[in-house]
Amino acid sequence: MADNFYDKVARKFGDYHTEHYRNVMECPNGDPEKVFKEKLMEISGKNKMALDLGCADGYFTLLMALYFKKVMAIDESQEMLKAARKLQSQKGIRNVVFEKQDAFKTNYKDGQFEVIYSRRGPTPFIEAFRLLKPGGYFVEIDIGEQDCRAIKEVFGRGQNFGQWDNLQAAVDEKEARKSGFKTVFVQDYFCDEYYLSETDLDIFLQGVPIFEDFDSEKDRSVLKKYVEQYKTEKGIKLPRHRVVIVFQK
Ligand SMILES: C[S@@+](CC[C@H](N)C(=O)[O-])C[C@H]1O[C@@H](n2cnc3c(N)ncnc32)[C@H](O)[C@@H]1O
């Protein structure tokens, strides 16, 4: 079976945690991760079934499991799922099932879930609409079009390079509405991350798909150029952009 990007990351780091590098985050208009979690908590319930799309190493899934009857968590990276099952047995959490499935074409029944969420994972709106009960919610935190723009411009490449005017919130809302959803909440968040050193930024870049072909050796000089331009007293600045959206069936 072909190794995908996330298989390689799981093999290299053993998981998809953020604990391999040091950074701090400043979000003047609110912390999107906190808002995403709050939105999920608001609609959670110990009598509800949830589906986690693109669960990766399951770290977040296993935190959310406390608030639901059961969480089905899917990913297409076998290596990430291995890490997730290992973490699950370490934590002794029993109401989560990790499965290898394509989020766009799952084998679940119509109307099986009250809540479906995607934390920077896939957003298969047609499939999610099918899988939700009437009144059920789809909650997502997505990567905004301005995310890491500064470093992509210095590198001259990267994920969705140049699509700065392709507003992600609008794209998601259009697709979700076409699938039958109505929007309950939508908000963009612009944050600044500060990496403590060039090494911390380098390690971060090795584990994310911002540049899927990132190579510490080959990209050393261009990374140094970025560091020179974005070095501040707080660390090396990396501007981020997130979108949090809640849709209802
Ligand atoms: C950025 S990671 C998300 C990490 C995870 N949700 C978290 O909270 O840490 C994206 C994950 O989505 C998975 N993925 C991408 N497309 C997928 C698809 N069509 N079906 C299932 N998983 C998918 C990738 O394998 C990867 O593990």
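Is Phe125 buried or exposed in this structure? Phe125 is buried, with a relative accessible area of 6%, where buried stands for under 20% relative accessible area, exposed for over 50% and partly exposed for what lies in between (1.4 Å probe, protein chains only). The model is a predicted one, in which local features need pLDDT of at least 70 and side-chain atom pairs count only at pLDDT 80 or more, while totals for chains, interfaces and linings use all residues. Residues are numbered from 1 along each chain as its sequence is written, and side-chain values use heavy atoms, with hydrogens and water left out.

Along the principal axes, the C-alpha atoms fill a box of roughly 50 × 40 × 30 Å.

Of the 249 residues in the chain, 49% are buried. The accessible surface of the chain comes to about 12400 Å², and carbon and sulfur atoms hold 49% of this surface; such areas come from the Shrake-Rupley method with a 1.4 Å probe, and for residues only the protein chains shown count as cover. Among the contacts with a separation of 6 or more, 70% join residues 24 or more positions apart, a contact being heavy atoms within 4.5 Å. The chain carries 40 positive and 41 negative charges, and their mean positions are 5 Å apart. In this count Lys and Arg are positive and Asp and Glu negative, with His and the chain ends not counted; each charge is placed at NZ of Lys, CZ of Arg, CG of Asp or CD of Glu.

Aromatic rings come next. Rings of Phe, Tyr and Trp (its six-membered ring) pair if their centres lie within 6.5 Å, and planes under 30 degrees apart count as stacked, over 60 as edge-to-face and the rest as tilted. By this rule there are 19 aromatic pairs. In one of them, the rings of Phe125 and Phe181 have their centres 6.5 Å apart and their planes at 75°, so the pair is edge-to-face. Phe125 lies in helix 5 (residues 125–131) and Phe181 in the loop between helix 7 (168–178) and strand 7 (182–195), so this pair ties together parts that are 56 residues apart in sequence. Phe181 is buried, with a relative accessible area of 4%. Ring pairs also link Phe125, Phe129, Phe138, Phe181 and Phe247 into a cluster.

Leaving aside neighbours within four places in sequence, Gly136 is in contact with Glu114, Phe247, Gln248 and Lys249. Lys133 also lies in strand 6, but counts as partly exposed at 31% relative accessibility. Lys133 and Gly111 are 22 residues apart in sequence and 4.1 Å apart in space, C-alpha to C-alpha. With neighbours within four places again set aside, the contacts of Lys133 are Gly111, Gln112, Phe113, Glu114 and Lys249.

The backbone has its own points of interest. Most residues other than glycine have a negative phi. Cys148, however, has a positive phi near 55°. This residue is found in the loop between strand 6 (132–143) and helix 6 (149–155), and Cys148 is buried, with a relative accessible area of 0%. Asn160 likewise has a positive phi, of about 55°, although it is not a glycine. Asn160 is found in the loop between helix 6 and helix 7 and counts as partly exposed at 47% relative accessibility.

Note on methods
Helices (H or I, at least four residues) and strands (E, at least two) are DSSP runs, numbered from the N terminus.
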